[in-house]
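Please keep the structure in view while reading.

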Amino acid sequence: MSVRAKISGIGHYVPSKVLDNQELEKMVETTDEWIISRTGIKERRILEDGKASSFMGALAAKVALENAGVAPEELDLIVVATVTPDMFFPSTACLIQHEIGAKNAWGVDVNGACTGFLYATAMGAQFIESGRYQKVLIVGSDKMSSITDYTDRNTCVLFGDAAAAVVLEPSTEPDTGILDYILKSDGSGQNFLYMKGGGSLHPATHETVENKMHYIYQDGRTVFKFAVTGMADVTEQIVKKHNIKSEEIKLFIPHQANLRIIDAAAQRVKLPPEKVLINIDKYGNTTAATIPLGLSEAYNDGRIQKGDYIIFAAFGAGFTWGSMLVRWAY
Ligand code: UT7
């Protein structure tokens with residue numbers, strides 16, 4: 001491969017409003033102890049009414065562009081991973097493109113659920129590797145509170161709102177940037193995690209609203225089983241494929257859905273806790289935003305330096321799952 005894509009800038013945005021476990025105890029029959037022991041979550045952020053995924057995505061994008069030293073007009077392409085677009089169409093990518101003034105870019109949304117950021121990044125990287133484009137923006141943004149039923153204790157304790165973004169550019173150094181990815185999907189998992197209403201199968205009616213079909217449904221136990229195996233498998237596969245020893249991995253940044261799923265994947269590749277990025281306690285599951293949000297925080301905290309090997313891994317609705325190997329470029 002002659003040209004690789006590298007991440008040249010990163011940024012994130014989280015809303016200021018905090019919804020903690022104590023507050024949820026007043027809303028549904030749950031306890032702080034249950035939520036922490038079963039998931040690792042202490043609090044999550046909630047975006048205010050009247051604002052949506054494009055708002056968060058644009059703010060994260062501006063930070064990422066500044067971090068990369070790239071002007072919005074220089075962007076060729078914007079790929080947005082989200083399951084909570086502002087609306088079905090136009091795409092959230094178009095809304096962000098307009099908001100940040102990326103007047104020379106085209107954009108498209110990708111629905112890969114919790115694996116969306118990995119799918120979007122792999123797609124954006126192709127345009128760089130082919131030599132077609134020089135500057136691509138990838139955004140993961142989800143306002144999960146907009147599709148969460150706050151009377152359902154099975155799901156409402158899990159999710160939060162956030163966005164994060166990366167800029168991709170050609171890497172000028174060998175073996176640096178996005179080195180590889182393993183991406184998977186299996187649609188036989190479709191009935192275990194979904195939002196049934198509002199699409200062409202069940203367009204919005206009084207019935208769909210009454211039956212709460214515009215909210216997330218999850219069979220947690222089943223998803224848990226598949227997630228533990230799926231995320232650990234692809235993490236192990238990418239490590240073995242590249243013959244990387246656990247000592248050489250600087251940071252593992254997994255999708256933040258459940259601390260127990262993260263621990264299982266980390267154990268499979270023998271990573272000690274200090275090499276695993278955990279921020280689920282602060283933000284819960286922010287779907288397409290979890291991995292770039294973790295990356296952005298790690299970068300801001302000085303936990304990654306040029307030349308470090310970083311591994312991303314995710315599992316989500318579909319089912320979708322995947323891993324990605326990155327050698328940090330700056
Ligand atoms: O990001 C996309 C991918 N999603 C995931 O990876 C999520 C995967 N699943 C999970 O993380 C876990 O399955 C959950 C955190 C969703 C649930 O944890 P669990 O240990 O699998 O619990 P469970 O669903 O088996 O439920 C155990 C019990 C049930 O009561 P019974 O039937 O045993 O009497 C639930 O009704 O816990 C009950 N329960 C709760 N209790 C207090 C479920 N939610 C709550 C709650 N507070 N919030």
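Predicted model: local features only at pLDDT ≥ 70, side-chain atom pairs only at ≥ 80, totals over all residues.

A polar contact is here a pair of N or O atoms within 3.5 Å. Residues are numbered from 1 along each chain as its sequence is written, and side-chain values use heavy atoms, with hydrogens and water left out.

In the side chain of Q218, an N or O atom lies 3.0 Å from a nitrogen atom of the ligand. For the side chain of W34, the corresponding distance to a ligand nitrogen is 3.4 Å. A polar backbone atom of G220 is 3.0 Å from an oxygen atom of the ligand. The protein buries 78% of the 950 Å² that the ligand exposes when taken alone (Shrake-Rupley accessible area, 1.4 Å probe).

The ligand is surrounded by 25 residues, each with a heavy atom within 4 Å of it; T30, R38, R221, N258 and N285 are the closest. Helix α8 (220-241) gives the largest share of this shell, five residues. Helices are DSSP runs of H or I with at least four residues, and strands are E runs of at least two, numbered from the N terminus.

Helix α11, residues 290-300, has nine of its 11 residues buried, that is, under 20% relative accessible area (1.4 Å probe, protein chains only). Among them are I291, L293 and L295. Their cover includes β1 (5-13), β11 (249-254) and β12, by contact of heavy atoms within 4.5 Å. After α11 comes G302, with a positive phi near 75°.

Notes: Polar contact = N/O pair within 3.5 Å; in protein donor to acceptor, adjacent residues only side chain to side chain. Buried < 20%, exposed > 50% of the residue type's maximum accessible area, 1.4 Å probe, protein only.
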